[in-house]
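Please read them with the structure open.

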Amino acid sequence: NSMAERINEYARKTLLYEIEQKEAQIKMLTYQINPHFLYNTLNTISAIAEIENMENIVEITDSISNIFRYNLKGDSIVTLREEIGHVKDYVQIQKYRFPDQFEMIYEIPEEIYSMKVMKFILQPLVENSISHGLFDKPEGGQITISAALTEEGDMLLTVSDNGIGINKKQLEEMNQKLFEYRVNMNSGKDFGGDGIGIINVNARVSGYYGKEYGITLYSEYGRWTRAVLRIKALRDEEPETGRAGETI
């Protein structure tokens with residue numbers, strides 16, 4: 001019995017040691033793929049490309065570098081101008097993937113640019129328009145981002161496209177799920193594998209600003225789709241707490 005206990009103890013310590021070693025290896029790999037390292041590497045690639053007069057590589061790597069820098073920035077609340085800048089870097093890369101397929105339009109009053117918003121709330125909506133709305137539209141695509149203030153003190157951020165649209169039944173189901181999540185905070189609701197970015201943004205916004213805030217979808221099948229994001233309008237001097245035209 002004593003020998004069996006010693007063997008069991010040895011086996012337990014050996015297993016724990018192996019687990020710790022594996023965890024250490026994973027941490028080492030993680031550090032090797034550190035975002036700071038990738039950011040600096042991209043800057044190096046950009047510098048080499050500029051020397052070699054490879055302007056397209058310079059633009060792509062600079063855009064990715066800006067996206068990394070935006071991700072690394074610790075603030076969860078930024079100005080709308082910064083959030084739009086992040087969208088523009090993302091779109092710059094997508095335009096190389098889908099040349100001449102779509103154009104971006106920004107209809108945002110100058111006085112709204114300085115207002116505060118959550119990070120990463122617009123790019124997923126633009127990505128959804130590109131991936132779904134304009135996927136089968138080889139040319140003539142258009143995505144518009146607009147912003148407006150309401151009399152109630154809210155901000156409406158709208159991302160619209162002239163893509164394939166959503167049929168009425170699916171649109172009703174998607175809006176119902178978005179509404180149910182805001183009311184019940186039921187994370188089990190999804191769109192059957194699609195619209196993960198929309199669900200994420202809706203969840204983050206409603207969790208931060210309150211149940212009455214989030215995304216509502218509008219669409220005419222075969223013609224257009226519009227995602228309207230309602231958030232609390234916060235000016236630069238206001239506390240950063242939750243709940244409480246240009247064409248390229």
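1. A term to begin with: buried means under 20% relative accessible area. Y209 has a relative accessible area of 4%, so Y209 is buried. Keep in mind that this is a predicted model.

2. Y208 is buried too, with a relative accessible area of 18%. Y208 and Y209 form an edge-to-face aromatic pair.

3. How many aromatic pairs does the whole structure hold? A search finds three. One of them joins Y70 and F120, edge-to-face, at 5.4 Å centre to centre and 85° between the planes. Y70 lies in helix α3 and F120 in the loop between β3 and α5, so the pair ties together parts 50 residues apart in sequence.

4. F120 is partly exposed, at 24%. K119 lies over the face of Y70, 4.8 Å from the ring centre.

5. Helix α3 covers residues 55-72, 18 residues in total. From first C-alpha to last, α3 reaches 25 Å, close to the expected 26 Å. Buried residues in α3 include V58, T61, I67 and Y70.

6. The largest nonpolar core has 48 residues. L80, V126, I145 and L157 touch the most other members. Helix α4 (residues 80-97) gives the largest share of this core, six residues. Leaving aside neighbours within four places in sequence, L80 contacts residues including I108, Y113, M115, A147 and L157.

7. One more charge over a ring: R226 lies over the face of W224, 4.5 Å from the ring centre.

Definitions and conventions: Residues numbered from 1 in each chain as written. Predicted model: local features only at pLDDT ≥ 70, side-chain atom pairs only at ≥ 80, totals over all residues. Heavy atoms only, no water. Helix = DSSP H or I, 4+ residues; strand = E, 2+ residues; numbered from the N terminus. Expected span 1.5 Å × (residues − 1). Buried < 20%, exposed > 50% of the residue type's maximum accessible area, 1.4 Å probe, protein only. Core = buried A, V, L, I, M, F, W, Y, C linked by side-chain atoms within 4.5 Å. Contact = heavy atoms within 4.5 Å. Phe/Tyr/Trp six-rings, centres within 6.5 Å; stacked < 30°, edge-to-face > 60°. Lys NZ or Arg CZ within 6 Å of the ring centre and 35° of its normal.
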